[in-house]
Amino acid sequence: MSYSEIRESLAAAGETLRARFLAGESVVDLVHARADLIDGVLTGLWREHIEPLGAALIAVGGYGRGELHPSSDVDIMLLVPETLPKGSDESLSAFVTALWDIGLEVGHSVRSVAQCQQEAAADLTVATTLMEARLLAGPESLFAAMQAAISPEQMWPSDRFFEEKRKEQIVRHHRYHDTAYNLEPNVKGSPGGLRDIQMIGWVAKRHFGAATLRELVDHHFLTKGQLRRLEEGQAFLWRIRFALHILTGRREDRLLFDHQKNLAEMLGYEDATYTLAVEQLMQRYYRTVMELSRLNEMLLQLFEEAILMDPQAQAEPLNERFQVKNGFLQTVHDNVFRNDPSALLELFLLQQQNQEIRGVSAWTVGLIKRNLHLIDDEFRQNPRHHRLFLSILRAPEGVTHELRRMNLYGVLGLYIPAFGRIVGRMQYDLFHAYTVDEHTLFVVSYLRRFALSRFDDEFPHCSEVMQGLERPEIAYLGGLFHDIAKGRGGDHSELGAVDAEAFCLEHGLSKYEAGIVAWLVRNHLVLSMTAQKKDIHDPDVINEFASAVGDPLHLDYLYVLTVADVRGTDPKLWNSWKAQLFHDLYVLTKRALRRGLENPIDRELLLNEKQEKAREILLERGIAAERIDYVWSLLNDNYFLKHRVKEITWHTEWLADSDTESEIGLVDVRRRHTGDGVEAVLYTPRESRTFAHATAVLDELGFTIIDARIVSLDHSRNIVTLVFMELDQRVDSDERRIAKVRRALTRILTAPSDKMVSVTRALPRQARMFTTKTTVDFSQSTANDQTVLELRAADRPGLLSGIGQVFIEQGIDIEAAKIVTIGERAEDVFYVCLESGGGVLDDRQQQQLGKALLEHLDSGAGKT
């Protein structure tokens, strides 16, 4: 058969495997069938090129295990004798070339037995690859010699092999942030992925000589049930990987957003009332890898006990039910949980009380799994169990660690059934980086860090507030329940509040305490939305928020929960700007509550306080009083209300040293004092309409704008303050970068007002997977002197400058903009008024502006 015929034959066989996969045939059979197919092709070519040389053709790696997915690399080794006949190099080269000619992606090596031994001894990866070697053709004696040369007696004895492989796994897990719950997980490398299953097989092979996982049952390292779960988990991950290769036409192990929807459809998932097909697929994926992670942990610990520890070590009793052996907590006998089900919770409390314990013994983890059926309604209603659970929450150490362990072992989701429903639940968007259960435990983790003084340097103000709370477990319960009703339909905050209050009352909290937890769950988004979408420098906004909060204690709990919630949604979302917004809202609201709701903050008082503090700082810096007075005569009360004291001093010092009569205007740019953002101020003629031009420039330079304040002054000037950050967190906003921004913003002052900067930056890959319906809503500001426009649209390069252009065309002035990006979605709020003399927009004007915005955004303007 010619090479072209072989290539065509392979393509046809690939199509047959694809059809069999789509018809629902076992992926296990298909993975082995592809390996068998390649075996036949390679051995045929081997006979043609290699057989006379006395060399052996050996499959290694995954191919050595007899496992090939549609686009997997075909890894082979040509094992050659120490001496080769003349002309062998040409024959070997012709063989490899033939493999490429027929269209195979081949990874190959040529080694003698001595070279195998030398390289395997020096590199554990090579040793692992050769351990999985499978003879395809050639002398069996040569293959046997290679196996003997790399055996545990010659190198990498099972104890060293185990220790190094475990280190490898730890490093690999770190690359994926030690969680299987990333938005775009790697089916092979992420925690709980295929590599974790292979890890078990490698150690078993090295220590026991086991060729398959099934042999671990004979060695009493696996039960038949555990083996079944391992095999089912592997088959599910294989099915995903096989489908990924079919979808992409290449070797692809990442579950990217680009593929998740198509993959769900290919695997037969359908949208349900409250759950998308893709969310169902991913929930099954996350639950599968969670179970595989637990089995991986349990088996590696069993291996550790068998390979590294003293099996004759004396157990130290803790109580009648538990003991410690080799540093691990274990039951004193196999019937402990059956005789006393409360031990299923007591075990976690003992871990907290005995910090020197390294973990739970593998056998005990297996016993927990086999006794989870004991956690039923009667168990959940037992007062002793209520006390144990609250003791775990109130423990001075190990709260988050044990809650995570409870979730991993399946206890938490059974003790709180509503939590069980969110385990592995993902939300198909770019905002939530983790599944709901993983996010929830991150929130509790951050609350715990606020409560522990050793972490005071991370969030000093949150730590101060949290450590002043008499009952921190109220915050933990708020964190546990804040998202517990996600995916049920309806308002998850309201539904979760009902669950939270019932749970707290059942567990013996007072009606008042249960009410606080329920209030936190019901209002856990309020502080964040107020800070990010409303003008918190407006005393009316503060007074309204203070009335909603009611008292300082509710504010304290809500503040720490909000910071933990945003931080735990996605670490990339948190920045110093959000920290400052939340802190400012907290401080201003605290002050309003101290004054009393019947005595709200007065605008005049707030304005005078800011000016007094700013003047004091400026005089200390040597700015003459008359220069301060002159600059402030250019400004107005609205300016002082909208800016912080630090901003007022910066602007005043800058304007005092500048030509404020400049016809084109002035620009200054500086790095924010927190170090992780940039702020710019522009003092320009009102007709220059700076917002649209400045946002386009910053967008094109690769910044994301997070705040904009535009104050119309009394002498046909605007002062525009912009806060922005690097889109690429790897880019440092150093002095050269800031100088570039300053030059770019200065150029727009002299450019014609009708000449817009083009935003050519491409839309990020992930964002292209989503569609967001554009909506425009109008309302009045708290003081009823501005129109509030809230716009929801797909976030994309050029969005803000396009909106600004529409405002110019419609004769609208922007007083302020609150820029909120929620993953792939922009939810921006603009405080606007009429260009001709200010004033709110009437119904007709609102309708006209809304229509213009929708036409602009839906037409694709600004899209890239």
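The lining of the second largest cavity splits into six nonpolar residues, one polar and six charged (nonpolar means Ala, Val, Leu, Ile, Met, Phe, Trp, Tyr, Cys and Pro; charged means Asp, Glu, Lys and Arg; the others, Gly among them, are polar). This is a predicted model, where local features need pLDDT of at least 70, side-chain atom pairs count only at pLDDT 80 or more, and totals for chains, interfaces and linings use all residues. Residues are numbered from 1 along each chain as its sequence is written, and side-chain values use heavy atoms, with hydrogens and water left out.

**Cavities**

- Searching the whole structure turns up five cavities of 30 Å³ or more (a cavity is a set of points on a 1 Å grid over the protein atoms alone where a 1.4 Å probe fits but cannot get out, and lining residues have an atom within 4 Å of a point).
- The second largest cavity holds about 100 Å³ of space (volume is the space filled by probe spheres set on the points).
- It has 13 lining residues, and Asp-535, His-537, Asp-707, Arg-709 and Lys-818 are the closest to its centre.
- Helix 30 (576–595), strand 11 and strand 15 each give that lining at least two residues (helices are DSSP runs of H or I with at least four residues, strands are runs of E with at least two, numbered from the N terminus).
- As for the largest cavity, its volume is about 140 Å³.
- Its lining has 14 residues, with Arg-689, Thr-690, Phe-691, Asp-813 and Ile-814 nearest the centre.
- Among the elements giving two or more residues to the lining of the largest cavity are helix 35 (690–700) and strand 12 (717–726).

**Aromatic rings**

- You'll find 22 aromatic pairs here (rings of Phe, Tyr and Trp, the last by its six-membered ring, pair if their centres lie within 6.5 Å; edge-to-face means planes over 60 degrees apart).
- One of them is Phe-450 with Phe-459, edge-to-face at 5.4 Å centre to centre and 70° between the planes.
- Phe-450 counts as buried because its relative accessibility is 2% (buried means under 20% relative accessible area with a 1.4 Å probe, protein chains only).
- Trp-632 and Phe-640 also pair edge-to-face, at 5.1 Å centre to centre with 80° between the planes, and both are buried.
- Phe-379, Phe-389, Tyr-415, Phe-481 and Phe-503 make up one aromatic cluster.

**Charges over rings**

- Lys-165 has its charged end over the ring of Trp-202, 4.4 Å from the ring centre (NZ of Lys or CZ of Arg must be within 6 Å of the ring centre and within 35 degrees of the ring normal).
- Arg-404 places its charged end over the ring of Phe-442, 4.7 Å from the centre.

Methods: Rings of Phe, Tyr and Trp (its six-membered ring) pair if their centres lie within 6.5 Å; planes under 30 degrees apart count as stacked, over 60 as edge-to-face and the rest as tilted. Buried means under 20% relative accessible area, exposed over 50%, partly exposed in between (1.4 Å probe, protein chains only). On a 1 Å grid over the protein atoms alone, a cavity is a set of points where a 1.4 Å probe fits but cannot get out, and a pocket is an open set with protein on both sides within 12 Å along at least five of seven lines; lining residues have an atom within 4 Å of a point.
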